[in-house]
Structures are given as structure tokens and as C-alpha cells.
Amino acid sequence: MVKQGKFAQVKQQKHQKYKAKQAQLKQTQTIAPAQMMDFILVRHHLVNKAPALIEETNGRLLQEFMVLGNGNPWSLHTQLQQTLQQIDVNVPWQFYKIVADSWPQTKTFMLKEIPAIPLSQRIILEDDLSDLQFTELVAQKLASNWFINQFKQTPEQLRKTTDAQVEQLAQSFVVENHIDWSKVAELNQTVQLDEPLELDAGSQQWLAEVKKYV
């Protein structure tokens, strides 16, 4: 997590079902920009058929993405890159595997549902993001996180880390246009993550489940 509360905890199922029904009723009505986040998260819950951990993880990514929305049109590529960059380095690597495993479905949802949010001025997504581009963004984040966490006790060594080294590690993660998660897992065995502070109980439980994902 970047800051406490940045990843909103998924609502209780009964409450979500109620809000989903309300959202359906309002499909033809215009909503205020302040309602946009609740609307898209309810839509995500309504159409998502994934297990609870997958849904919650992608819902948290989606919320981060929506928070960064500014102006119109939005760039899917730029905004997703910024979203990944701002996620705390202490989020385990399994978070990115969950996101990557379900990226085709998440992207389809974004491209369909974000422009359909019934605002008075609809959001325009001006570009797409290929699977390879997404893989490269995730690999860059994984590589950057590894260097930061590996050398956090030796700041001088971390300062000596070059962009070329990060890029080289990122490229080594990608095999035939996909991330080699076995290599990511092996490399991260040497990394000790700091426990995020002041997390709500729901987020603590979610992180514990994310770490078990394979």
C-alpha cells in the first residue's frame, strides 16, 4: 500500500449486491464525479466472476488507477504505469502475479466500463495497452522493487544502482513475452519485506492471502 486507505477494502457481499442493483437502476442517469469510484467498483464486483482474492486484488489496482484519473482523455498506458510505480515496495511480488494472471479480463473491463460511467462528460481512453507492454511494465516494477528491498540496509550500494541494471534485471524476468514467475520467486527469497504499518484488519488479511498465491 502507498498510504493507509489507498487500497479500499472490498465491501461486504450483501452491501455490494445492494449497491450493484442500485447502480443498474442508475445506468441511464448521470452521476456526479464524486460517485465515480463507488460506481466503477460496484460494476467490477457485479461483472467479476473470479475468486474473492483475485477480485479484491484487481479491485484495489482499479481503485489506484481511478484515483490517478485527471482531465480527459485518459491514457491507459501512462496511467497504469503511474499506478504501478506508486504501489509500495513492500507489497509482495505475488500481488503482481495475481494482477498479471488476470490482466486480459481487467483490461477488457477497463476499456468497456470506464468510458461507460454515466458522467455528464464521459471519460475517453485514448489508447490501449498490449499484453507485452503490460508485461514490461510489471517486470520493470518487480526489478525496481528488488533492488530497493535488497539494498535498503546499504543505502550507498542502492545509490550506485543504475537504470541499466534495473532494465537488465527486468528483461531477464521476461521469457517469450511472459514473466518467468519461478525466477521472480527464487530471486525474492533473499528479500525481507517490511510489514506495512497501520493497516486495517481487512487489508492485513488480504496481504496474508496474497503471499500464499502461487
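These are my notebook entries on a predicted model of one protein chain.

**Entry 1: the overall layout**

I started by listing the elements, and I found 11 helices and two strands in the chain. Read from the N terminus, the order is α-α-α-α-α-α-α-α-α-β-β-α-α. Next I looked up burial: the chain has 214 residues, and 42% of them count as buried. I also checked how far apart in sequence the contacting residues are. Taking the contacts with a separation of 6 or more, 72% are between residues 24 or more positions apart.

**Entry 2: helix 3 against helix 5**

How do the axes of helix 3 and helix 5 cross? I found that helix 3, residues 52–67, and helix 5, residues 93–101, have axes that come within 10 Å and cross at roughly 95°. Angles of 65 to 115 degrees count as roughly perpendicular, so helix 3 is roughly perpendicular to helix 5. I then noted who makes the contact. Helix 3 brings Leu53, Ile54, Thr57, Asn58 and Leu61, while helix 5 brings Phe95, Ile98 and Val99. Sorted by class, this contact has six nonpolar residues, two polar ones and no charged ones.

**Entry 3: a pair inside helix 3**

I stayed with helix 3 to look at Glu56 and Arg60. They form a salt bridge, with 2.7 Å between the closest N and O atoms. Both residues lie in helix 3, four residues apart, which is about one turn of the helix.

**Entry 4: other salt bridges**

My count for the structure is seven salt bridges. As a reminder to myself, side chains of opposite charge can pair when their charged atoms come close.

Lys152 counts as partly exposed at 24% relative accessibility. Asp194 is partly exposed as well, with a relative accessible area of 41%.

The other is between the side chains of Glu209 and Lys212, at 3.6 Å from N to O. Here I noted that Glu209 is partly exposed, with 35% relative accessible area, whereas Lys212 is exposed, with 58%.

**Entry 5: helix 7 and Asn149**

Helix 7 has 20 residues and reaches 28 Å from its first C-alpha to its last, close to the 28 Å expected at 1.5 Å a residue. Its buried residues include Phe134, Leu137, Lys141, Trp146, Phe147 and Asn149.

Asn149 counts as buried because its relative accessibility is 7%. Which residues does Asn149 touch, not counting those up to four places away in sequence? I found Val89, Asn90, Val191 and Leu193.

**Entry 6: Met37 in helix 2**

Met37 belongs to helix 2, residues 36–47. At 21% relative accessibility it counts as partly exposed; the cut-off for buried is under 20%. With neighbours within four places in sequence left aside, Met37 is in contact with Gln63, Met66 and Val67. I also checked Met37 against Leu62: they are 25 residues apart along the chain, and their C-alpha atoms are separated by 9.3 Å.

**Entry 7: backbone details**

Which residues does a cis peptide bond join? They are Asn72 and Pro73, with omega at about 10°. Pro73 has its place in the loop between helix 3 and helix 4 (76–86).

Last, I visited the loop between strand 1 (174–175) and strand 2 (178–179), where Glu176 is found. Phi of Glu176 is near 50°, a positive value in a residue other than glycine. Glu176 counts as exposed, at 71% relative accessibility. Asn177 is placed in the loop between strand 1 and strand 2, and its phi is positive, near 70°. Asn177 is partly exposed, with a relative accessible area of 46%.

Note on methods: Residues are numbered from 1 along each chain as its sequence is written. This is a predicted model: local features need pLDDT of at least 70, side-chain atom pairs count only at pLDDT 80 or more; totals for chains, interfaces and linings use all residues. Side-chain values use heavy atoms; hydrogens and water are left out. Axes are lines fitted to C-alpha atoms, for helices over the stretch in contact, and angles run from 0 to 180 degrees between N-to-C directions. Angles under 35 degrees count as roughly parallel, over 145 as roughly antiparallel, 65 to 115 as roughly perpendicular and the rest as oblique. Contact means heavy atoms within 4.5 Å. Ala, Val, Leu, Ile, Met, Phe, Trp, Tyr, Cys and Pro count as nonpolar, Asp, Glu, Lys and Arg as charged, and the others, Gly among them, as polar. Buried means under 20% relative accessible area, exposed over 50%, partly exposed in between (1.4 Å probe, protein chains only). A salt bridge is a side-chain nitrogen of Lys or Arg within 4 Å of a carboxyl oxygen of Asp or Glu. The expected span of a helix is 1.5 Å times one less than its number of residues.
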